[in-house]
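Subject: Structure handover

Hello,

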Amino acid sequence: MSGQKRQLSKRCVVLTGAGISAESGIQTFRDQNGLWENHRIEDVATPEGFARDPQLVQHFYNLRRAQLLSPAVQPNPAHIALAEFEKTFRGEFLLVTQNVDDLHERAGSHNLRHMHGELLKARCTHCSSIVPWQADIELLSPCPRCHRSGSLRPHIVWFGEMPLYMQEIYDALRQCDLFVSIGTSGHVYPAAGFVEQARAAGARTVELNLERSAANSFFDESYQGLASVMIPQFFAQVQHPGA
Ligand code: NAD
């Protein structure tokens, strides 16, 4: 990364994936041969899987939520470096995450969109309310808004469902001059296609990942290493109006 040119950036979009939270102790997805914490994706991350076995799916996300809330899981230097960059950046900054954990918020990020939902929220399939949720969701847990029993599900975008905030994200990609993708395998669309949108807008496109991702050939620059090391280094050299 030492040979990078300092280039002025006024509009920056950052995309993060499971790799940025790996060093905080949360397992990624693809590193497990297509299994997520030993489960097939079709079983725990699709509406069909939920319809087939709601107990298994609720239990799976209850475990993920409990893990996220355990004292051992904390933001790492990569989350913190992004939050600090946002604080000093005088241009427009949007952080889009595919992650369902809340480590970016805990590190202090503000302009943040969870395109795949949030583990610490529940959604009512009856009244569509989205509510903060830290406990287990039981099969008959009542919705705190409409009081119907058995209608709550994790506020997670499963495969085959529409990701959130897409219009806003595409608008930002169309206008950005710097697009940085961090810790994502480039297998999950539409996020894997964001680099092409940013390129079409003329942005500098940079990938920071442990290994070359499936979308690697679309990036102008690509660096391999640990997020906790590369992210602080990379954002320290981005030249911007506030720097
Ligand atoms: P992914 O698991 O498919 O890919 C993770 C990528 O991160 C891999 O390419 C891996 O090489 C890289 N990586 C691993 N450790 C790293 C490190 N220390 N530093 C830098 N890079 C590292 O993840 P994805 O592309 O985000 O897609 C998976 C889907 O699963 C997402 O939709 C997400 O919602 C969900 N998921 C979320 C979490 C979370 O919220 N933390 C965890 C697992 C899965």
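Strands S6 (residues 117–124) and S8 pair antiparallel, over five bridges. Strands here are DSSP runs of E with at least two residues, helices are runs of H or I with at least four residues, and both are numbered from the N terminus. Two strands count as paired if DSSP finds at least two bridges between them. Arg-123 has Arg-153 in S8 as its bridge partner.

This is a predicted model, in which local features need pLDDT of at least 70, side-chain atom pairs count only at pLDDT 80 or more, and totals for chains, interfaces and linings use all residues. Residues are numbered from 1 along each chain as its sequence is written, and side-chain values use heavy atoms, with hydrogens and water left out.

Back to the sheet. It is open, with three strands in the order S7-S6-S8 and antiparallel pairing. S7 (130–132) and S8 (152–156) are the edge strands, each pairing on one side only. From one strand to the next, the twist averages 45° (axes are lines fitted to C-alpha atoms, for helices over the stretch in contact; angles run from 0 to 180 degrees between N-to-C directions).

Next, the salt bridges. There are 11 in the structure (a side-chain nitrogen of Lys or Arg within 4 Å of a carboxyl oxygen of Asp or Glu). Arg-153 forms one with Glu-161, at 2.9 Å from N to O. Arg-153 counts as buried because its relative accessibility is 7%. Glu-161 has 23%, so it counts as partly exposed. The cut-offs: buried is under 20% relative accessible area, exposed is over 50%, partly exposed is in between (1.4 Å probe, protein chains only).

Arg-204 and Glu-221 form another salt bridge, with the closest N and O atoms 2.8 Å apart. This pair links distant parts of the chain: Arg-204 is in strand S10 (residues 204–209) and Glu-221 in strand S11 (residues 221–224), 17 residues apart. Arg-204 is buried at 8% relative accessibility. Glu-221 is buried too, at 16%.

Shared partners join Arg-40, Glu-42, Asp-43 and Arg-52 into one salt-bridge network. Arg-52 counts as exposed because its relative accessibility is 54%.

Last, helix H5. Its buried residues include His-79, Leu-82, Phe-85 and Glu-86. Asn-76 caps the N-terminal end of H5, with a side-chain oxygen 2.7 Å from the backbone nitrogen of Ala-78.

Best wishes

Notes:
Polar contact = N/O pair within 3.5 Å; in protein donor to acceptor, adjacent residues only side chain to side chain.
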